Amino acid sequence: MPQLFGPVWNSVARASVPTLFVALGGALWLWQEGVRSDWYSGRDLTPAQPVPFSHEHHVSEVGLDCRLCHRRVLEDANAGIPAADVCLICHGEIWQDAAMLAPVRASGRTRVPLRWSRVYDLPDYVYFHHAVHVRNGVGCSTCHGRVDRMLLTRQVQALQMRWCIECHRDPAPHLRAADEIFVMDWAPPADQAERGPELLQRYGIRRDGLTDCGVCHR
């Protein structure tokens, strides 16, 4: 009976083992880099919206406060997206015939909410409470960046677990006074090393347990 595999296949078999390990290692590396990439996380991406809303115009130029639109940010887990009626408080009087605002007028007329595309969309297995962070010294721009300079809203932080963990391990460098939460151009002052621990105590934040799994995965 003739041999199916000649002697050369011994060399092929020996070479295939390290090649397989290299290929598996390369695939693992590509997967790790992929899940850390901006493409996967959505960082710096600007999703299409039904209306080209400009935070730069409304916050920097008009001077609107975050809480006018995001009314539940101090009470609820979600900051809240304004209903068309909120937009029409102003746009029922100004720019009321602008073509770009047609979806807003239609929503106000039909009572069908606008379908905004989420800019920050955490997985369902992650628990996040907006009010807990805002009421305890974490300002808007810490997570959302300088939205007051954004013509169209984009995701600034990747929201990966390691980023959250770094802050939970040591929140003090990021904490602000209550009257600075909505200040967009806030930067840690020169004495933040002293102020941070003081604010940590003032807000009653206990670092022990902040990195426990059950804090974010419930």
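Helices here are DSSP runs of H or I with at least four residues, strands are runs of E with at least two, and both are numbered from the N terminus.

Before going further, a word on what we are looking at. This is a predicted model, in which local features need pLDDT of at least 70 and side-chain atom pairs count only at pLDDT 80 or more, whereas totals for chains, interfaces and linings use all residues. Residues are numbered from 1 along each chain as its sequence is written, and side-chain values use heavy atoms, with hydrogens and water left out.

Now to the overall picture. The protein has 11 helices and zero strands, and its C-alpha trace spans about 95 × 50 × 30 Å along the principal axes. The radius of gyration, taken over C-alpha atoms, is compared with a globule rule of 2.2 Å times the number of residues to the power 0.38; a compact globule of 218 residues would come out near 17 Å, but the protein has 25 Å. If we call heavy atoms within 4.5 Å a contact, then among contacts between residues at least 6 apart in sequence, 67% join residues at least 24 apart.

Let me return to charges. Side chains of opposite charge can pair when their charged atoms come close. Counting Lys and Arg as positive and Asp and Glu as negative, with His and the chain ends not counted, the protein has 23 positive and 24 negative side chains. The count of salt bridges comes to six. In the pair I began with, R111 is exposed, with a relative accessible area of 54%, whereas D85 counts as partly exposed at 37%. Another of the salt bridges joins D76 and R72, whose closest N and O atoms are 2.9 Å apart; here D76 is partly exposed at 30%, and R72 is partly exposed at 39%. In a further one, D121 pairs with R118 at 3.5 Å between the closest N and O atoms, and both D121 and R118 are exposed.

Finally, let us look at the backbone. Most residues other than glycine have a negative phi. Which phi does W95 have, then, although it is not a glycine? W95 has a positive phi of about 55°; this residue lies in the loop between helix 5 and helix 6 and counts as exposed, at 60% relative accessibility. L159, also not a glycine, has a positive phi of about 60°, and its place is the loop between helix 8 (140-144) and helix 9 (161-169). L159 is partly exposed, with a relative accessible area of 21%.

Notes: The place of a charge is taken as NZ of Lys, CZ of Arg, CG of Asp or CD of Glu. A salt bridge is a side-chain nitrogen of Lys or Arg within 4 Å of a carboxyl oxygen of Asp or Glu. Buried means under 20% relative accessible area, exposed over 50%, partly exposed in between (1.4 Å probe, protein chains only).
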